[in-house]
Amino acid sequence: QVQLVESGGGLVQPGGSLRLSCAASGFRFRIYDMSWYRQAPGKERELVAVISSAGDSPNYADSVKGRFTMSRDNAKNTVYLQMNSLKPEDTAVYYCNAVRRLVGLDYWGQGTQVTVSS
C-alpha cells in the first residue's frame with residue numbers, strides 16, 4: 001500500500017520557521033522524483049520545490065528561493081522541507097508528491113496545513 005504521510009505543519013508567526021516531513025512507504029522511494037506543492041484557499045496548487053531521484057540540487061519556486069530548503073534521506077524514505085523566514089503568503093496546505101514520469105506513476109500525500117499569522 002502506497003503511503004505519503006506529511007507532518008510538521010502548524011501555526012507560526014511571520015519570520016518563523018517550520019520543518020515539514022514526508023514519510024514514504026509502499027514503493028521504491030529512491031527511484032522517484034519528489035516534490036512539495038502547496039495550495040492556498042481559492043488558488044491553484046503550485047509547485048514549491050522538487051528534488052530528483054539522484055538527489056541533485058533541488059529546484060525552487062521563485063517565491064521561496066533563499067528561504068526554503070528541500071532535502072531527501074533515502075535511508076529513511078523521507079523528504080523534508082525546511083521553511084525559514086515564513087510570510088503570511090506562505091499559508092497553504094502543503095502536499096508531498098512522488099513521481100516516475102517515464103512510467104506514469106504519481107502519488108500524493110494528504111497534506112499538512114501551514115498557517116503564518118501573528
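**A loop and its surroundings**

Let's start at Val103, which sits in the loop between strand E9 (92-100) and strand E10 (105-108). Strands (E, at least two residues) and helices (H or I, at least four) are DSSP runs, numbered from the N terminus.

A bit of housekeeping before we go on. This is a predicted model, where local features need pLDDT of at least 70 and side-chain atom pairs count only at pLDDT 80 or more, while totals for chains, interfaces and linings use all residues. Residues are numbered from 1 along each chain as its sequence is written, and side-chain values use heavy atoms, with hydrogens and water left out.

Val103 counts as partly exposed because its relative accessibility is 45%; buried means under 20% relative accessible area, exposed means over 50%, and partly exposed is in between (1.4 Å probe, protein chains only). Together with Leu102 and Leu105, Val103 makes a nonpolar patch on the surface, and the three share about 320 Å² of accessible area. A patch is built from residues with over 30% relative accessible area and no salt bridge, joining nonpolar side chains (Val, Leu, Ile, Met, Phe, Trp, Tyr) within 5 Å and like charges within 9 Å. The areas come from the Shrake-Rupley method with a 1.4 Å probe, and for residues only the protein chains shown count as cover.

Since Asp33 lies in strand E4 and Arg101 in the loop between E9 and E10, the pair ties together parts that are 68 residues apart in sequence. A salt bridge here is a side-chain nitrogen of Lys or Arg within 4 Å of a carboxyl oxygen of Asp or Glu. By this rule, the count is five.

Follow Asp33 and you meet Ser52. Leaving out residues up to four places away in sequence, Ser52 touches Asp33, Tyr32 and Arg72, where contact means heavy atoms within 4.5 Å. Ser52 belongs to the loop between E5 and strand E6 (59-60) and is partly exposed at 22%. Between the C-alpha atoms of Ser52 and Arg100 there are 10.0 Å in space, against 48 residues in sequence. The Ser52 side chain also reaches the backbone nitrogen of Asp56 at 3.2 Å. That is a polar contact: a pair of N or O atoms within 3.5 Å, where within protein one must be able to donate a hydrogen and the other to accept it, and residues adjacent in sequence count only if both atoms are side-chain atoms.

Arg38, Glu46, Arg67 and Asp90 are linked in a network of salt bridges. Arg38 pairs with Glu46, their closest N and O atoms being 2.6 Å apart, and the side chains of Asp90 and Arg38 meet at 2.9 Å, N to O. How covered are they? Asp90 is buried at 0% relative accessibility, Arg38 is buried at 5%, and Glu46 is partly exposed at 32%.

Thr91 is in the loop between E8 and E9 too. A polar atom of the Thr91 side chain lies 2.9 Å from the backbone oxygen of Pro88, and one lies 2.9 Å from the backbone nitrogen of Val116.

Last stop, the inside. The largest nonpolar core has 29 residues, and those with the most contacts inside it are Met34, Trp36, Leu81, Met83 and Tyr94. At least two of its residues come from each of strand E3 (18-25), strand E4 (33-39), strand E5 (46-51), strand E7 (68-73), strand E8 (78-83), E9 and strand E11 (112-116). A core of this kind is a set of buried Ala, Val, Leu, Ile, Met, Phe, Trp, Tyr and Cys residues joined through side-chain atoms within 4.5 Å. Leaving aside neighbours within four places in sequence, Met83 has contacts that include Leu18, Leu20, Phe68, Tyr94 and Val114.
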